[in-house]
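Dear colleague,

Please read them with the model open beside you.

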Amino acid sequence: MGELLSLLRFSAGSGHIWLDEQRMLLMHARSFAELRKELLDSLGVERARGLLVRLGFASGQRDGELAVKERRAGMRTEDAFMLGPRLHSIEGIVSVEKVHIDMDLATKHFYGEFLWENSWECEAHVAEFGYGEDPQCWSQIGYASGYTSAFMGRLIVFKEIECTSMGDSRCRIIGQPAEAWQDEHYLDYFRQHHVAQKLIEFNLGLEHVRSLQPRREYDQKLVGVSPGFRAAFDLLRSAADSAITVLLLGETGVGKEIFARWLHDNGPRARQPFIAVNCAAIPAELIEAELFGVEKGAYTGAHHARAGRFERAHGGTLFLDEAGDLPPATQVKLLRVLQSGEIERLGAEQPTHVDVRIVAATNVNLQEAMKAGRFRSDLFYRLNTFPITIPPLRERSADIPALVMRFVDKFSALYGKKLRGLTDKAMREVVRHSWPGNIRELENVIERAVLLAPDRGDIEAAHLWISPPGTSDSQVGAGGLLGDAEGEAVALDAFCEQLLDQKIDIGSLEQRLMQLAMQRARGNLSQAARLLGITRPQLAYRLKKEGLPPA
């Protein structure tokens, strides 16, 4: 039981309960009993039973995946499998006793028989409906089936052949491959029927309900529902049909080029070129040639005439990224183009008319740059005709889950993987991160995580960070719940004072902590690393460095 308690953590301050990386809930059994009764009353026995079985199945699958992870970390197969029954006890569902297990992972053979005592579901049913002729541990049967199916890698289905709700002294369940039961009616409980969807269609009107739902995405490129994003997007959308000059403002990495491309793609110039140029990335002596073009012989090395970005964008949109870094001489020529609609190639005698929509972007405070004499005020007022400020990602926390899903899908396809997404803990860490690099940083983090995550698995918190961010979660072990973050800090200070008074050096303390963690985890590196709040490779490295045995 100790190895399971080491995976269970309570955060008194933040309102989270964690089992490894999955968020858990602690709720009154009576409230679940009321929900169960309401489902029976509203859906009828068959549909309610199927819904509860599938609810338990989904929960069991999650815990089964945790058991598989522990098995791969070195735990014996049967010991790893028995984590599920122990979890059922820890979670207050039922007490489980093994009668017989016969399993072979290589052939995926499974047969198991177990006894259940103190089933909450039986107690709830008998209290409300009395004793009957059918077994009633529906969600628990679903859990056992989902757990074992995830552990064995094939559909294993349990049946309850004795139940205290029928007057038996204990509940008895048997599990084996689904096809071995030869009972299609029973197996039908484990298949989805979309009961809720049918109820909506029949009773409420699906189209009406859909019309009331908030729109989660604006289109295929821009994702966001936060107030800051909506304000910026509404301005962008209002400018799309015109040729007005737009100035995009915001920190590096907020997605200014994506906004500029959306503006181009959704306006009347969509079929014409979209040309982007990063003004800060081009040397000052070359920027004019890049923007306005060059005539043959204009300078040494100009062996051919070459069109600049303005000419290449004729009829379309020119995106001037980092426009605040333009050299003063180039600012003068850009202002002339904006006023006259004509450009002059370097070395040319005649101007060339261009029809170009300008979208500029900068992370520089142009008003401060004007005061410092680095940016022309007349150019600023030309570019600042229609400013749009894109908020940083730290002010768009509501948009992060949708952005994460977008990037997971993108990089999963790129790297040929199928992933289910982020664990609850990983998503929480992503949402809470400050993201100084904004969306660009988020995209890079998710790309790395997709590469590190196992195919057909979850992206865990350890896959996200090179150096994991600090957490303030309190933990629970065999000793019970610790205090909130403030109380924990006070206790930690007192502990450190005691160490200093006793002149215990850091090296000795670290060695002893690792030894105790390994003892408590019975030599399991993964469990010991969790106790210490570090990753398995970090613990292995430190053990090797200190000359301590790895098991």
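How many aromatic pairs does the count come to? The rule takes rings of Phe, Tyr and Trp (its six-membered ring) as a pair if their centres lie within 6.5 Å, and calls planes under 30 degrees apart stacked, over 60 edge-to-face and the rest tilted; by this rule there are 20 aromatic pairs. One of them is the edge-to-face pair of Tyr-186 and Tyr-189, at 6.1 Å centre to centre with 85° between the planes. Tyr-186 is buried, at 9% relative accessible area, and Tyr-189 is buried at 6%, where buried means under 20% relative accessible area, exposed over 50% and partly exposed in between (1.4 Å probe, protein chains only).

The model is predicted, so local features need pLDDT of at least 70 and side-chain atom pairs count only at pLDDT 80 or more, while totals for chains, interfaces and linings use all residues. Residues are numbered from 1 along each chain as its sequence is written, and side-chain values use heavy atoms, with hydrogens and water left out.

Trp-435 and Trp-465 form a tilted pair, 5.8 Å centre to centre with 40° between the planes. Trp-435 is buried at 0% relative accessibility, and Trp-465 is buried at 11%.

Phe-81, Phe-110, Phe-114, Tyr-143, Tyr-147, Phe-151 and Phe-158 form one aromatic cluster.

Charges also sit over rings (NZ of Lys or CZ of Arg within 6 Å of the ring centre and within 35 degrees of the ring normal). Lys-159 lies over the face of Tyr-186, 4.9 Å from the ring centre, and the charged end of Arg-36 sits over the ring of Trp-138, 4.6 Å from its centre.
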